[in-house]
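Let's walk through this structure together, one part after another. Have the sequence and the 3D view ready as you read.

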Amino acid sequence: MRVTVAVAGEDTREVEVEEGATYADLLDPLPYSTHEVSVLVDGRPVPEDAPVETEEVEVLRLVKGG
Amino acid sequence: MAGPDLDPEQLDRYSRHIIMDDVGPEGQAALLDASVLVVGAGGLGSPVLQYLAAAGVGTIGVADHDVVERSNLQRQVVHGDSDVGRPKVESAAEFVRELNPDATVEVHETAVSPETVADLVDGYDFVVDASDNFPTRFLLNDYCTLAGVPFSHGAIYRFEGQVTTFTGEGPCYRCLFPEAPPEGAVPDCATTGVLGVLPGTIGTIQATETVKYFVDVGESLDGRMVVYDAAEMSFEEVTVRPNPDCRICGDDPIDSVADVEYSESCAVRAD
């Protein structure tokens, strides 16, 4: 299945994953680990090990600097 | 007709606010009555302190436990070269007092910890999180959300900034990020660098949100995370919704910050 992955502040890309893939799998083509981002569906984070059930996610990076 | 609380000098100083229908003497009086705690007198805290002081916020608390280093001066604009080696709260307080004698500055030269957070935050109407580490960010979120104190969140990295406002009416920071990443997983400004002017943009938005809160005008960023890319000069908005599973503001919240270990993942202890 094809999922639109929009990284806030960066590019939006289409990611092709197998049926049953997890949200963590959507991050594979990206230079971020699951520790560094939240994957959001409809404005809420989804568990990284949950199967993908949407065609569109937003990815927000954790930023700490001040 | 000006409000009774503004003296002639204040009518002059704040005249550009007072003539605005959306601020007026009432809005200015609200700012003069306001008390705001700014946590962090660094890159973000500097513009926040500058604009809150200039706007006439009557009581400004500054919490920081660092001293000024020369490498701070590329972006931390309330400190000067002669301040190197001084506590940041001292030079920040000096800057605010020089800018506006209406502002009473309360200096807190201490780290925000589970032991100090109540004493620091209680009594303030609004908190600005201008800190630079996850334990402080999660602790401020948790304490302010549980205590019902609205706060502004800002964070910076290289060319990117994130900013939002948590008023208690919408989500909290943990709705978005349930736990902190492992130490070292997210790089900091000291190792990756940061564009010096970046915190100016993000901190100024934080100050804008703070002023709007007291004047009660416009739309707050509650429920919207703004992501700014200084390199592309683009602003994006990410919708953030309250999470019913959130352990701070969801259906089954914790009682106090004593239920959280504010190190590493800042995870809420299991029941």
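How much area is buried between chain A and chain B, and what percentage of it do carbon and sulfur atoms give? In this predicted model, about 2500 Å² is buried between the two chains, and carbon and sulfur atoms give 57% of that area. On the side of chain A, the residues that lose the most area to chain B are A:L62, A:K64 and A:G66, which together make up 29% of what that side buries. If you count residues instead, the contact takes 20 from chain A and 39 from chain B.

Now for the polar side of this interface. The rule finds 12 residue pairs in polar contact between chain A and chain B, both residues being at pLDDT 80 or more. It also finds 1 salt bridge across the interface. There, the side chain of A:R61 meets that of B:E160, with N to O at 2.3 Å. Three strands of chain A, namely β3 (37–41), β4 (44–45) and β5 (56–61), each supply at least two residues of the side that touches chain B. The largest share comes from β5(A), with 3 residues. Sorted by class, this side of chain A holds 7 nonpolar, 6 polar and 7 charged residues.

Chain A has an open sheet of 5 strands with mixed pairing, in the order β2-β1-β5-β3-β4. At its edges are β2 and β4 of chain A, each pairing on one side only. Follow β3(A) into β4(A) and you will find an antiparallel pair joined by 2 bridges, where A:V41 stands opposite A:R44 in β4(A).

A salt bridge also turns up within chain A. A:R2 forms one with A:E16, and their closest N and O atoms are 3.4 Å apart. This pair links distant parts of the chain, 14 residues apart, with A:R2 in β1 (residues 2–7) and A:E16 in β2 (residues 12–16) of chain A. Over all chains, the count by this rule comes to 12 salt bridges.

Let's turn to chain B. Its open sheet has 8 strands in the order β3-β2-β1-β4-β5-β6-β7-β8, again with mixed pairing.

Two strand pairs of chain B show both senses of pairing. β1 (residues 35–39) and β2 (residues 59–63) of chain B run parallel and are joined by 5 bridges; within this part of the sheet, B:V39 stands opposite B:A63 in β2(B). By contrast, β7(B) and β8(B) pair in the antiparallel sense over 6 bridges, and B:Y228 stands opposite B:F235 in β8(B). The hairpin of β7(B) and β8(B) has 4 residues between the strands, and B:M233 takes a positive phi near 50° in it.

Helix α10 (residues 198–215) of chain B lies across β1, β4, β5, β6 (160–166), β7 (224–229) and β8 of chain B, and runs at about 175° to β5(B).

Terms used:
Residues numbered from 1 in each chain as written. Chains lettered and ligands numbered in written order. Predicted model: local features only at pLDDT ≥ 70, side-chain atom pairs only at ≥ 80, totals over all residues. Heavy atoms only, no water. Contact = heavy atoms within 4.5 Å. Buried area = accessible area lost by both parts, 1.4 Å probe. Salt bridge = Lys/Arg side-chain N within 4 Å of Asp/Glu carboxyl O. Polar contact = N/O pair within 3.5 Å; in protein donor to acceptor, adjacent residues only side chain to side chain. Nonpolar A, V, L, I, M, F, W, Y, C, P; charged D, E, K, R; others polar. Pairing = 2+ DSSP bridges. Axes fitted to C-alpha atoms, helices over the stretch in contact; angles between N-to-C directions.
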